[in-house]
Amino acid sequence: MEQRAQVPPGLPKTSPTISYWQDSPSSIADLKTTTHLPSQADFVIVGSGISGACIAHSLLNRLPNAHVVMLEARQACSGATGRNGGHTKAASYRSFLSHERELGLAEAAKIARMEYENIIATHDLARKFSIDCASVICPTVDIIFSKTQLKLGEKAIARMRETMGESDPAADYKIYTAEEAREKFMTPDALGAFEYTAGSLSAYAFTTGILKLALAQGLNVQTTTPAESLAWSSGSEGGTWSVQTPRGRISTSNLILATNGYTAHLLPQFQGLIVPLHGQVVAQRPGLGLDQRGLTHTYSFIHETGYEYMMRLPAAAVNAGDIVVGGGLHQLPNDGATRYGETDDSDLEPSIQEYLRDCTPRFFGKIWGRDHQAGRIKKEWSGIMGASADGLPYVGAVPNVAPGLWMSCSFNGHGMVWCLKSAEALVGMMVGDKAEQKVIRHWFPQSSVVTADRMRATFTGRKNLRAPGETEFGERARL
């Protein structure tokens with residue numbers, strides 16, 4: 001794993017797979033707001049995924065006259081955000097015990113509450129601005145196929161209820177027995193299940209919708225303009241950061257990296273701290289039997305190690321009824337070690353591809369029924385996540401460099417329940433007064449703020465989510 005963590009990420013590949021959500025592309029996919037790259041801006045954001053979009057929107061809400069330029073290596077929202085599986089699902093119980101053990105109870109509870117609040121805020125934002133992204137708040141279920149994981153989940157849920165209060169929505173879970181789970185959720189091999197609140201949407205449509213809002217506020221977007229390198233130059237007014245691109249150089253006093261798994265290309269000090277992780281997703285037509293029964297929940301399928309996740313597009317969505325499934329990393333030797341350090345999202349790993357194609361009939365058994373007459377598979381794609389050394393994002397001012405360099409990166413495949421609130425916190429750190437900084441420290445998990453101490457960590461693979469002597473919950477990363 002140490003060897004994989006040291007593979008330089010480079011720039012995003014120029015010809016990635018096209019995700020289900022990107023077909024057809026957004027009207028702003030290839031946008032260059034101005035023909036020429038500006039030479040200077042008040043703020044420069046590198047990356048146009050959900051982090052970059054939410055940062056831009058929040059900044060321009062706070063500073064409507066600011067000159068904000070966004071650089072994107074490929075099309076708008078062409079990275080992990082535009083390639084995920086459509087879930088806004090926290091599953092906070094799966095990390096609560098390890099967070100309590102390593103960070104303390106107060107921080108574990110703060111993370112769980114922020115993840116829940118991020119889900120609600122994301123869907124509220126889509127509704128507020130009428131963003132057409134198939135946004136739905138809905139119940140979700142984790143189908144458990146492992147006795148060990150069932151016991152661990154029950155223990156974690158009990159601890160959350162005990163410490164956070166049963167009335168706290170972030171600790172609101174319902175536990176089902178094997179018999180109940182098999183009947184209610186149509187999964188004949190289930191050993192139990194956990195039900196709670198989550199949601200689904202097209203993250204691509206949501207993010208391009210946010211970008212359109214920011215464009216109306218004055219954002220300048222420059223697609224196919226990769227940031228090749230960074231440099232700092234001092235001056236009488238405090239100095240500036242400059243970003244070299246193939247189309248010229250742009251300077252700013254505030255440079256913000258929303259570059260997730262590619263961050264080490266621009267900041268070599270994060271090599272081995274933020275490691276790319278290659279993930280895959282498939283869109284399917286449901287089997288005819290399952291289609292007749294219908295699905296009221298999104299799903300995850302939890303094994304001894306690893307899991308898959310699945311959502312079905314709601315009735316009002318384009319392609320309503322389609323199923324989107326991702327995961328499968330645990331099918332590879334050494335828990336998918338070869339997928340770390342891999343940034344080729346033009347590629348599909350054959351073993352994972354085969355597994356994801358065939359897993360749904362196994363999960364639902366006879367209820368799946370015959371495949372649709374048009375065939376099961378509609379589209380397959382891959383994308384690059386960013387895995388951090390300690391399992392938490394890096395948000396805030398980059399330590400031990402010149403001032404004005406900021407980041408919101410490495411969301412461990414969990415960005416849809418972190419990025420919006422992280423963007424809000426980061427903008428507050430950048431432009432807020434002391435009173436606001438204090439408020440941010442109260443609600444935003446300080447364990448995710450980037451510090452010199454955190455940068456001394458060593459990457460050993462997926463963040464361990466087990467208590468001493470217990471089997472780990474399994475892969476947290478999900479594209």
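In the predicted model, Ser 410 occupies the loop that runs between strand 19 (405-409) and helix 11 (419-431). The phi angle of Ser 410 is near 65°, a positive value in a residue other than glycine. Ser 410 is buried, its relative accessible area being 0%. A positive phi near 65° also occurs at Met 186, again a residue other than glycine. Met 186 is located in the loop between helix 6 (178-185) and strand 7 (192-200), and counts as buried at 6% relative accessibility. Most residues other than glycine have a negative phi, and most peptide bonds are trans. The peptide bond between Asp 23 and Ser 24 is cis, with omega at about 15°. Ser 24 is placed in the loop between helix 1 (2-5) and strand 1.

The pairing of strand 1 with strand 11 (residues 248-252) is parallel and comprises two bridges. Within strand 11, Ser 251 is the bridge partner of Gln 40.

Helix 2 covers residues 50-62, and the distance between its end C-alpha atoms is 18 Å. This agrees with the 18 Å that its 13 residues should span at 1.5 Å a residue. The helix is mostly covered, with 11 of its 13 residues buried. Among the buried residues of helix 2 are Ile 50, Cys 54, His 57 and Leu 60.

The largest nonpolar core consists of 58 residues. The residues with the most contacts inside this core are Leu 230, Leu 255, Leu 257, Phe 270, Tyr 299, Phe 364 and Met 407. Helix 10 (residues 350-364) gives the most to the core, contributing six residues. Another core, of 51 residues, lies apart from it and includes Ala 66, Val 68, Trp 418 and Leu 426. When residues up to four places away in sequence are not counted, the contacts of Met 407 include Leu 257, Phe 270, Ile 274, Tyr 394, Leu 426 and Val 450.

Side chains of opposite charge can pair when their charged atoms come close. The count of salt bridges in the model is 18. One of them joins Asp 124 to Arg 127, with the closest N and O atoms 2.4 Å apart. These two residues are three places apart in helix 4 (residues 105-128), which means that about one helical turn separates Asp 124 and Arg 127. An α-helix has 3.6 residues a turn, so residues three or four places apart point the same way. Asp 124 is partly exposed at 33% relative accessible area, whereas Arg 127 is exposed at 57%.

A salt bridge also forms between the side chains of Arg 376 and Asp 371, at 2.9 Å from N to O. Here Arg 376 is buried, at 17% relative accessibility, and Asp 371 is partly exposed, at 29%. For Arg 454 and Asp 390, the salt bridge has an N to O distance of 2.8 Å. This pair links distant parts of the chain, 64 residues apart: Arg 454 is in the segment after helix 12 (434-443), and Asp 390 is in the loop between strand 17 (377-388) and strand 18 (394-397). Arg 454 is buried, with 9% relative accessible area.

Conventions: Residues are numbered from 1 along each chain as its sequence is written. This is a predicted model: local features need pLDDT of at least 70, side-chain atom pairs count only at pLDDT 80 or more; totals for chains, interfaces and linings use all residues. Side-chain values use heavy atoms; hydrogens and water are left out. Helices (H or I, at least four residues) and strands (E, at least two) are DSSP runs, numbered from the N terminus. The expected span of a helix is 1.5 Å times one less than its number of residues. Buried means under 20% relative accessible area, exposed over 50%, partly exposed in between (1.4 Å probe, protein chains only). Two strands pair if DSSP finds at least two bridges between them. A salt bridge is a side-chain nitrogen of Lys or Arg within 4 Å of a carboxyl oxygen of Asp or Glu. A nonpolar core is a set of buried Ala, Val, Leu, Ile, Met, Phe, Trp, Tyr and Cys residues joined through side-chain atoms within 4.5 Å. Contact means heavy atoms within 4.5 Å.
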